[in-house]
Each structure stands twice: as C-alpha cells, then as structure tokens.
Amino acid sequence: MKRALAVLLLTLAAVTAFAKTGVVFIHGKGGANLAQASVARAYWGEDMLRASTKGFTIPYLVCGYDGTQYMWVAGNQVAGQIYNWMNANAIDDIVIETHSFGGVVIRWILSNPTYDSRYQPIINRIRWVNSIAPPNAGSEAANLAGTLSGSWLTGWMVDLVGQNNDATKNCSTGSMTYYNQYYLKGSAGRPALPKTVYNIAGTGLWNDFVHAEDYGLATLSGVVGMPGEDDGMVSQYSAQAVGVVWFTTLANHHHNRRNDYKKIGDSLATDF
Amino acid sequence: MKILLALALFPASLFAADSVGTFAPGDMLTPPAAHAPANVSRMYARTLTPGERTLDLPAAGDSSMIVWTMRAVSARLVTPTGRTLEPDAVQSSDRSLQRFRFEGSDLGFGKGQQQVMHVARTEAATYRLEAAVQEPVTVVAAEPESRITLSTWAAPLSRQPGEPVTLHAELREGADALTEARVTARLAPANGKAGESIELFDDGRHDDGAANDGVYAITLNDLPQDAAGLWQVRFEADGRTAAGARFARTGSGELMAERDAARLDAASIHATVHGENVRITASVDVRIAGNYRFDVIAADATTRAALAWAEAPRALTAGPTELSVEIPLALLANKESLRLDVRLLGMDTPGVAGRVEREVSVR
C-alpha cells in the first residue's frame, strides 16, 4: 500500500514539476562479455525490457559491466554509464532495476557516495531500487565455487570450475558478511541506505522441465544446501536481508530476471 | 529534518565530503561478527585423476545422493549391491538411479556440459564411480537430506597482521557429536595456491572446547604466507557414524587478511565538545599512503542504543596523523558518555586498516 501510494504521489509530482523519469537495469555477475551492450541486453531478454518500460515508452538504460569484477570496479563502470545517460537525457527521477549481483553493485554506490564523484549526483536522482534476487547476505553457491576452484589442486593451475573470479568471491557469505559490516549500508546494525531498496526473492527451482538450467539450479541448491527457500543461486533470507520485501516469486534464478515464467516485468512496470 | 538541521550546523572549516546520519529508534550498536556464518555442508568433493579408473563415494545411508561431475565424462555409477547406471543410460532399470546433464556456463561454473547422477535413496555403504579421464575431473557428492553435517568457519573475519587464526569445524549427526573423525584444512591466499594440509583436533587442547564434543579446531600463530586479501579455507572430514557407516564431508571458510595499511591508536580516541558538535579524534600511523575513510558509529554508553554515524573521507600521506570528524550534539541526544565504534577503512583497496570500540566521556 505504501509503495502504491508513493508511486501515485510521485506521478503527480512529476506531472506538476516536469520531472523526467527513467529506468536503469543493472545485471548480475557472469562473464567479462557482459560489458558488451548486446550481451547485457540479452541477459534480461527483450520481453523483460519491454514490459518494465511499458512498451519502451519509459526512457531506459541497460548497463553493461564486466561481470567478473569486484563490486567497486563494477560500480564505477555502472556509474559512468548512468551519469552520462542521465545528464544527456535530463533524467532526474530514476528507478533502478537490478538482478542478483547487480543488487550488490548498486548498494556499493549507495553506501559509498564519496568513492567516486559521480555517485552522489546519481544517488540524488534515484527514486528507489527494485532488487531481484540480490545476494545481500551472500550466496552459498558462491562459497561452493571457492571450494571447488583449482586453488586446491597441487601441481595444476587449471581452474576446473572456472568462475572463482572477483565477482564470485564478492558474493560468498564470508565476503558479504565482511563488506556488510564495513562498507555497505542497509544491513542489520549499519546506517540506513539513502534510498529505499525493494527486494524480490526467488523461492522456486523447477520452472521448466524442458530447460537444462532448471536441472542445474536444482542440483546447485541440493549440493550447497541453502537454508530455507531459494531460487537455486540465492536464498530467500539473503535476498531479504536488506530493504523492504516487495514480493516473492517462484521464478528461479534463471527466470526471475525475465518476464516469462512469472511476469516480473509487468510488476516492475507498476512503478510508472 | 534532523539530518538537514545537523548539516546546517556544520562549520565551514570542516571537510565538505563528511557526512553524518542517525539510526532508527531501536537500532543497537552491533560489533562486527568475529567470523562469517558457519558454512554447513552435506557434501564432499573429490578429484578423479588420469590413471585412476574408480572413485569411492561413501554414503551414510540416510539421504538421496547427488553425484555431480564437472565434466560430462563417460562414467558408470555402481551401487554397493551391484546395480549400475551405465555411461549412456538416462536411468537404471528400476529408476532408482537417474542421470541428467546441463550446461555449466548457465550457472557460472565454466563452459562445458556438467553431468549429474542421482540416487533416490542410498545404502550406508560405498558407491563407486568408474570413469577414464584424460584430465583431472572434480566430482561432488552431496547427501541433501543427511543428518551428518560439517559446519566450518575461520576467524577472525577481518584479520590484522600478526593476529592468530583459528580454524573451526563441527561434525554432527543430527544433534549428536561425531567424534574420532579425521578433520583437516588447507588455506589458500587470494589468487594463490593452497598450502599443506593442517590437522584439526577435538581433544580439548586446541581451542576446540571440550574433548570429544564434535568440535575440531586449531589455532595458527600466523598465516602460511604473508599475503593480504581474501583467504579461503577448505576443510575435509572423514569418519564413521554412530552406526559405523563411513562418511565424508568438505566444507569452507574465509577470512580477510588485512594489509597493515595503518594502525589506529585506541588510547588516543577521545570526544570533545566544539560549539554544537562533538568532535571525535584519533591518532593514526599511516603505512600506505592513499585514500581512506574515517568512520564513527556512536551509541549510548549505557544502553548501547545506536545514535548517529559519521563518515569522513581523507587522503592520507604516510606517517603519523590525527583524524577527526564532528557529529552534532543534537544527534547524540546530548549524552555525556558514548560507546564509539571507530574505523579506518582503505578506499583505494577496500580493507580495514583499523577498528577500535571504546567508551568515551564527552568533554
């Protein structure tokens, strides 16, 4: 109810004050090629972008950053894109949509306004953040990547798992406990974030028996033993560790960044 | 409104980038956790190497089993009673064994097909994976419903140079301690190779609590290498359940080895009133010049209710210096005694240069 009222009031304010609204998408971790615009766009899928922006009628930016990097490196890459876009298009009312590690990246920006000169101007223009499946308290799946990395093999430098990179290391439960305590705001015992984060936690695994991703996510969930409900990558408790709970979704980690199994994009569009 | 008022009271001489804020009613001063939440494992990892044709996979018999090969190798799974899941089969004749595949990159686990074999219900015995591999293959076996758990952590989470490191592992079968297991750990620095295996003990003489309580530990005087950054710990446990069934578990832990970028002098921290503000000051010996942030969290000394916070970014040169930040008295409820959590954080390379918690009188 509070959120719906806020949307109504902001819409009225925008009409009166001629604010220009825009939406920014920040993806999760992955490969270095996520820095490419086309790859970043494909991460979300066209229908998610279409639905969230009400048929592309809301000005939008799909950020693309190297998905292997630490949150502070990713933060600077994202901030540069947002800063340039918001100034070029005179956007002064920004809704941020994030998925997975993207939720951590935006928290870095919100929590460390003096880290880069572009951060505070961006923060000033953010309305709020909608964070889908963010590993706010870390991900036990990221712990597994560390456990299975090539560091443990004597005599070989081969990283069999291949993804124990900086972004994955940032997502482990140990790392997020560390950064939550010292550098990130919004978690228990810490100063509040300067803008509201609404979280959407994934609580489903089996969405589509045809797609192999579901088998993979179910395997991961079974192997790492995430406590409580999870979406195959991020536990509900972790996603809900920061911010306000907006809703939960049965869409797993593969599907909850899209507008297919569940119409999450349609929900995001209610902000406009 | 309070924050706006507070900012309006800031003298012009203070750093423009300093920021202050308040906590919500009910928020309490929360010291950083000594270690990350325990990693609770019901799985173990093994490596199938070229030259080995079989891999033993112990099962406790109280769960299903997931056998995950990090490559889609041609493998046969053999049960203790001789049933098999043949290399090309999707399931066994009685459907108790099943196989499926997925793309590793979909989960961020590197390219290549991954293979999973599922055992609906295990027997308390050893299963066998038969495969011929050209390169080392990681095999993970998990028992998701098992009562046997390995809970692990490493401390301290933020470790300053010279601080000892404790490795902690707890083995349980439900609520019961699992004793007489062999528990070891290896530590790997950030982007480095793991060191030698270190044994943990449950004898009451290694910071492990009481003897034979299922808690295994060891305290190291120092890390194996002088390397800053995120250290990962991999724990291995092998033993037998109360019923005599063999089990294995692999767990993990992490800690941040700090860089010794600066030293915060705890005794130097004090709070003084300057006009409408409280100025918190600390002496610091900076070893690595660069950008830092001086953070203070102030709480009621008696109730520990969190009152206000301040963050002050500073560019520091090497050598001794004094840092200060001001918080409006109004945000501190005019308290005469405060509990301060004072931190110096590196910003060029994120890391805790120093942290002190101290009670001060406001003079």
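1. A network of salt bridges in chain B links B:Arg304, B:Arg339, B:Asp341, B:Arg343, B:Arg355, B:Glu357 and B:Glu359. The model is predicted.

2. B:Arg304 is in the loop between strand 24 (290-300) and strand 25 (306-316) of chain B, whereas B:Glu357 belongs to strand 28 (residues 351-361), so the pair ties together parts 53 residues apart in sequence. B:Arg304 is partly exposed at 33% relative accessibility, and B:Glu357 is partly exposed at 21%.

3. Over all chains, the count is 33 salt bridges. One of them joins B:Glu123 to B:Arg83, with the closest N and O atoms 3.3 Å apart. Because B:Glu123 sits in the loop between strand 9 (113-119) and strand 10 (126-131) of chain B, and B:Arg83 in the loop between strand 6 (75-78) and strand 7 (84-85), this pair ties together parts that are 40 residues apart in sequence. Relative accessibility is 24% for B:Glu123, which is partly exposed, and 27% for B:Arg83, also partly exposed.

4. Turning to the interface, 50 residues of chain A contact 66 residues of chain B. The buried area is about 5000 Å², with carbon and sulfur atoms giving 63%.

5. One salt bridge is found across this interface: A:Lys185 pairs with B:Glu311, the closest N and O atoms lying 3.1 Å apart. Residue pairs in polar contact between the two chains number 12. On the side of chain A that touches chain B, helix 10 of chain A gives the largest share, 10 residues. By class, that side has 25 nonpolar, 21 polar and four charged residues.

Definitions and conventions: Residues numbered from 1 in each chain as written. Chains lettered and ligands numbered in written order. Predicted model: local features only at pLDDT ≥ 70, side-chain atom pairs only at ≥ 80, totals over all residues. Heavy atoms only, no water. Contact = heavy atoms within 4.5 Å. Buried area = accessible area lost by both parts, 1.4 Å probe. Salt bridge = Lys/Arg side-chain N within 4 Å of Asp/Glu carboxyl O. Polar contact = N/O pair within 3.5 Å; in protein donor to acceptor, adjacent residues only side chain to side chain. Helix = DSSP H or I, 4+ residues; strand = E, 2+ residues; numbered from the N terminus. Nonpolar A, V, L, I, M, F, W, Y, C, P; charged D, E, K, R; others polar. Buried < 20%, exposed > 50% of the residue type's maximum accessible area, 1.4 Å probe, protein only.
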